[in-house]
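Please consult the sequence and the structure while reading the points below.

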Amino acid sequence: MPAIALTDRNNLYGAIEFYKACTKKNIKPIIGVDLDLIIRSERGTIILLAETFAGYQNLMRLVSRAQYSSQTDPHATEHDIEEFGAGLIALIPDRWTGSAAAEPLAALLTRVLGADSVFVRLGWNGDRERQERTTRFAHSLKLPTIAADDIYYLAPEDRDALDVVRHIHDPSTPRETNDLAFASQETMAERYRDYPTAVAALESVVARVSVTLTLGNWIFPTVEIPDGTTYEGELRKAAIAGIAHRGLTESADLMARIDYELSIIGQKGFAPYFLAVADLLGYARREKILTTTRGSAAGSFVSFLTGITNVNPLDYKLPFERFLNPGRPKAPDIDMDISDVKRDQMVEYVKKKYGEDRVAQIGTFGTMMARAAVRDVARALGYSYGIGDHIAKCIPVGSQGFPMTIERALELEEDLRKLYQSDDDAERIINMAKRIEGNVRHISVHAAGVVVAPGPLTDYTPVQLDPNGGKRITQYDMYALTDEYGGVGLLKFDFLGLKNLSILADAVERVDRRLGIAVDIETVPVDDRATFEMLAKGFTEGVFQLSGGGMTRYLKDLRPTSIHDINAMVALYRPGPMDSIPEYIRRKYNPSLITYLDPRMKDILERSYGIIAYQDDVLMTAITIAGYSWLEADNLRKAMGKKNPAEMEAQKEKFLAGAQSFGKISRERAEAIWKLIEPFAAYGFNKAHAASYGKVAYQTAYMKAHYPADYMSALMSADSGDVDSIALHVAECERLGISVLPPDVNESYKSFAVTKQGAIRFGLHTIKNFGDGAARAIIDERQANGDFTSIGDFAFRAPAALNKRAIEALIKAGALDRFGERTAMLGALEAIVAARGREESSDSQSALFTIVARAPRITLSTAVTPLSEKLAWEKELLGIYVSGHPIDKFPEVREKYRGSVRAAVLEERSGYPRVVGGVLEGVKTIITKKGDRMAFLTIADKEATIEAVAFPKVYAELKDALTPGTVILAKGTISRRNGEPSILVDKCKVVG
């Protein structure tokens, strides 16, 4: 078949992928769209095909305009056609038959597109009579017919899959009755045997269409520079100026590195890109927005000097070539991490800098993954939610970069395989899910990508509004947009929001505000003893990249003494490299253990004690020992990442041959080196990435070591609402000697804050169902007229935003504890509510006098609130116990089993025995298929919560002891299913 057309409805989502696939097979791609059009108040669909490149650009403009017309009902108007109709061919479907707008539509299209570019589509649905009616309709409009079928799937047996997909999106969609399968040329000839002119018209249109897209090149935005200068000259000027700014001294070696990098950057034509990124990050610095980079960009000294990166590659021996080398065929990629609360501000700056019509966030397509496909198919086929959910839960979670497929799940999971083989419904659901798995489900916003064009964006990509938020996004995803994947070639800025940078910035601001100390986080000393001592003690909770049970254990063993130790741990604590950590630690403290398979490897591995710690170590070994070029080394890295056996075997032979001929070593020694590097490269961090993230990790540790209360309060504010994380942070504060207190109307702000005494107070906004407006009103009143002095004073001054329910929540959460017992205040709740009614006054002195004069005296009873009741209220309203914990009454549990639940949660080995002690917070019983009862238990201590499972036999023995609120010890084994830990209980003991 010489040509195929793709006409998605009101979008061009698949155009680039379609174009590349067709040209690869020497098939002419015809890019088009089924466009909803409103003309003379009537609505219908027309088919538009791009005849020329200008027509393709007009298609992008038309679908963008249509999508902007309405997020739920996209359509174009006749004015849009008049504006963007050039270079297009139109096919009018027979659905317009009988419409009063048919003649105006034909006249509009003929006038704008030209008389020879408008046809009535003669389709096929098994109805010869309909073809005749369509022919008469075309004759009435004085337009020729063209033979063109609707195609929605490849083979006739795919019709039911189409029905299911449509039903997933809209359950009211009727079943398809027409044959919409791909038709062969012979079938087309038979369908249109009586209409040779329509077939001839089709052949004519195919011959006329000539759209050639230039893909795979890079397109930079227009970066303004002074007249008479060059991009290369401006970049050099910025780099030289950066020497003094970074506190460096000019030297021959330093200038040689700058000249080397600039020569490659200039040769490749990338100077505008560096200038653009430097400008963006310069804006971030001016606005005090913390940033870092991920990936290999930190290997560039020019990037460091121009403010793009934050680590000096000369200090860390970072190779520039891992980032950019003469053989690299694609544009460099600088991934920027931004404080997540400032990401939108950065995007707005880009829009302001380059123009609103030239900037958009990248669209991305969500696909039907294995679990979701099963659930969706079950629902579409009319099964209950429980059936689909049960099957879906049998499918394990895939690993990052390697999503789980249904086929692979059937191989791995015996339970799923048995269900598939024994249950007809499960077999039907799974078979259909396999057919639609991987289909696009929706479009959304890419987590990081922003594109910038040198002209209007719709010259390069169609755009639309994000269905969920209204942001301007591209209809092409990053694979269709960027040169790296052979796309249009637009420059992609990656702004990835990183919460830890927000926490760091917040902590710095809190220290400045509370203590008057201005911390320049970018210049804190990287050899701070207190920081390393804190890490060695295991106080790592909330430290970027360095928290978690396994990492903490290794850090306590390592006792880090330099930033290089931190970088190495960031890189090594991953699958594969993790096995090298114990040896790294041994060699750090026993240099006699350090060995090298070849003396030339010493310069590569010396800082990591002879251990391969980074991806760069593998590449440098291939270059140094086997004579690889940087491009060949990069191909080696990619081959190792793909894990393709045939490709790996070829790379192995290449390495061995190079090591013998270039490196002058024996085949046996070459094989020993290969065995050392082969298992590592697929999982390794590149060194520049580890240095960039290692610095942020160190900075967070530094702030925690020197300003623990401020850092922890910033951390808790960032995690507000995440009960499990807050519990961990509160437990860490206890270890650090920092008191964490319930909210207080005189000391609390919206979120967590440090008091004058150095304790951390819960924020008013952390109280469940306590609105933002009420919290703000209390703070404003306190700041305007001073602290509240009594319950009567608070009652009288209580803002209007506080109703009875809100005041009750304040009492129960402990926010009014300074005025009396919680039980006593609840007993006087009606009097407190009745006492409200302060007169408003614009005169603050008058208002204060009125408050003093009229604040009522509210008498409270002498009732004392039991601790158990306080804790229950705090658990309900704050999510955790604050004034104490139920296990505090039981020293055996508190001391011997402290942290046991968290240890169980972090345990990575299934089948490992554990004993946990904590509060039994929930008991959910179910009846098995055999009619037996079993239970799912929720056990919590001060730091974490875990699910425990009591199977029928165990439950029968324990059921009388399983009362929520009791403190128990549970013994069992760890089970991890789909990444979620639980304990399979063998025995249980009630402590109290």
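Two strands pair if DSSP finds at least two bridges between them. Helices (H or I, at least four residues) and strands (E, at least two) are DSSP runs, numbered from the N terminus. The model is predicted: local features need pLDDT of at least 70, side-chain atom pairs count only at pLDDT 80 or more, and totals for chains, interfaces and linings use all residues. Residues are numbered from 1 along each chain as its sequence is written, and side-chain values use heavy atoms, leaving out hydrogens and water.

**The barrel**
- Five strands form a closed barrel in the order S18-S19-S20-S22-S21, with mixed pairing.
- Strand S19 (residues 933-940) and strand S20 (residues 945-950) run antiparallel and are joined by six bridges.
- Ala935 has Ala950 in S20 as its bridge partner.

**Two packed helices**
- Helix H32 (residues 708-718) packs against helix H33 (residues 723-736) at an angle of about 170°, with axes 10 Å apart; axes are lines fitted to C-alpha atoms, for helices over the stretch in contact, and angles run from 0 to 180 degrees between N-to-C directions.
- H32 and H33 are therefore roughly antiparallel to each other (over 145 degrees).
- Contact (heavy atoms within 4.5 Å) involves residues including Pro708 and Met712 of H32 and Ile726 and His729 of H33.

- Asp376 lies in helix H15 (residues 370-380).
- With a relative accessible area of 6%, Asp376 is buried (under 20%, 1.4 Å probe, protein chains only).
- Not counting residues up to four places away in sequence, Asp376 touches Ile168 and Arg441.

Methods:
Angles under 35 degrees count as roughly parallel, over 145 as roughly antiparallel, 65 to 115 as roughly perpendicular and the rest as oblique. Buried means under 20% relative accessible area, exposed over 50%, partly exposed in between (1.4 Å probe, protein chains only).
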